[in-house]
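Please look over the structure below with its pockets in mind. Where do they lie, and what lines them?

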Amino acid sequence: MTQILNQVAAKAFQTAFGYAPQHLVQAPGRVNLIGEHTDYNDGFVLPCAINFGTVIAVSARSDKTVRVVAADYQGETDEFQLDSPIQPLADGIWPNYVRGVVKYLLAHGLLLKGADLALAGDVPQGAGLSSSASLEVAVTQAFKTLQGFNDLSPTDMALIAQRAENNFVGCNCGIMDQLVSARGEAGSALLIDCRSLTTQSVPLPPDLAVMIVHSRIRRGLVGSEYNTRRMQCEAAAKHYGVKALRDLSLTRLEADAGDLDATVLRRAKHIVTENQRTLDAAEALAAGDLRRMGLLMAASHDSMRDDFEITVPAMDQLVDILQMAIGDIGGARMTGGGFGGCAVALMPQEKAESVRLAVENHYKSPTGDAGTVYVCHASAGAGPLARTFQ
Ligand code: GLA
């Protein structure tokens, strides 16, 4: 994350509250390399935290008031009390993430002091790079650092952030985004077992470029389609009598399909095959086998397009352009919840410039926008940044 965000957050704090903040903390966004929609099926995902995120400047107060200013929203503010019931705001976009996290920090049994917070972020919003998880985890980190909650583990932080998103903001997401934002490691992707919440770090080859291309496709219906997919996965698990699709093999999927609805069967097939691809991809990456990784990413994209049906034609074109430009060593796929957002591409560093040019020359969104290319690196999870003030 850039030094600039630190300065933006510190300056917004000083301007809004008239004094300097005690701490700066950060939590990153993420890109998922493979393992899509597997998290809420108790399955496997392979994301990495990225060098875009949220920085919060924070200081303790002696009362029960929480004051928040958002540098990215023209200095909009919010204020609420810790000793009154915390409710969502009807028209609050960013305030509800903060309110929700604070509510679930309290529900976790933590005795919170009042605080002043200034937020600044650079994760592109609505791009499928988890700007909301980054904000939620940064808020948990702000209170953890401020009050020295050393027992609050990164996994606890992720679970509290997820609860806020599920129950307060109302988005029924899985655990991937918050967990990798809390536990990411510089230079590595994380293979997450979303049932046990154990992680294994998968070092990325040193000369690997992690490229993210924002498709600029306007995403409609994301929430309702997401919830429909979840319900279809649950229906499939029920049909096969398993706790979650994580527990289903491809052999049983085919053998015991019976009268299962054909669409629901395809949804389940995506999950079962994607789990295996994710495990294989962790192995391929750890071995530096970019050829195999590319094949797995291509198969993942095809499965999202044909079986899970969460891609859109312009995204399929973008992924084609990326795959053609990359060739056999590396690969590309859509990443995130679907229906637009970003593609992720892996390739040797020396290819990055020609791949960027291919996107520039050949890709346009349905509304005529060019794609935006970010070359990222796998970054550390949430933590304190500095204590340079006061
Ligand atoms: C969104 C959700 C995640 C995950 C992905 C799809 O990012 O927040 O929990 O389900 O979609 O893989």
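## Basis

The model is predicted.

## Largest pocket: size and centre

The largest pocket holds about 1,000 Å³ of space. Its lining counts 48 residues. Nearest the centre lie Tyr97, Ser130, Ser131, Ser132 and Glu165.

## Largest pocket: where the lining comes from

Six stretches of secondary structure can be named here. The strands β2 (44–60) and β5 (115–121) each give two or more residues to the lining of the largest pocket. So do the helices α3 (131–147), α4 (154–169), α5 (176–183) and α6 (222–240). The largest share is that of α6, with 4 residues.

By class, the lining of the largest pocket comprises 21 nonpolar, 19 polar and 8 charged residues.

## Second largest pocket

The second largest pocket holds about 150 Å³ of space. Two elements, α9 (290–306) and β9 (331–335), each supply at least two lining residues.

The lining is made up of Arg291, Gly294, Leu295, Ala298, Gln323, Gly327, Asp328, Gly330, Gly331 and Ala332. By class, these residues split into 3 nonpolar, 5 polar and 2 charged.

Definitions and conventions
Residues are numbered from 1 along each chain as its sequence is written. This is a predicted model: local features need pLDDT of at least 70, side-chain atom pairs count only at pLDDT 80 or more; totals for chains, interfaces and linings use all residues. Side-chain values use heavy atoms; hydrogens and water are left out. On a 1 Å grid over the protein atoms alone, a cavity is a set of points where a 1.4 Å probe fits but cannot get out, and a pocket is an open set with protein on both sides within 12 Å along at least five of seven lines; lining residues have an atom within 4 Å of a point. Grid points are joined across faces, edges and corners, and a volume is the space filled by probe spheres set on the points. Ala, Val, Leu, Ile, Met, Phe, Trp, Tyr, Cys and Pro count as nonpolar, Asp, Glu, Lys and Arg as charged, and the others, Gly among them, as polar.
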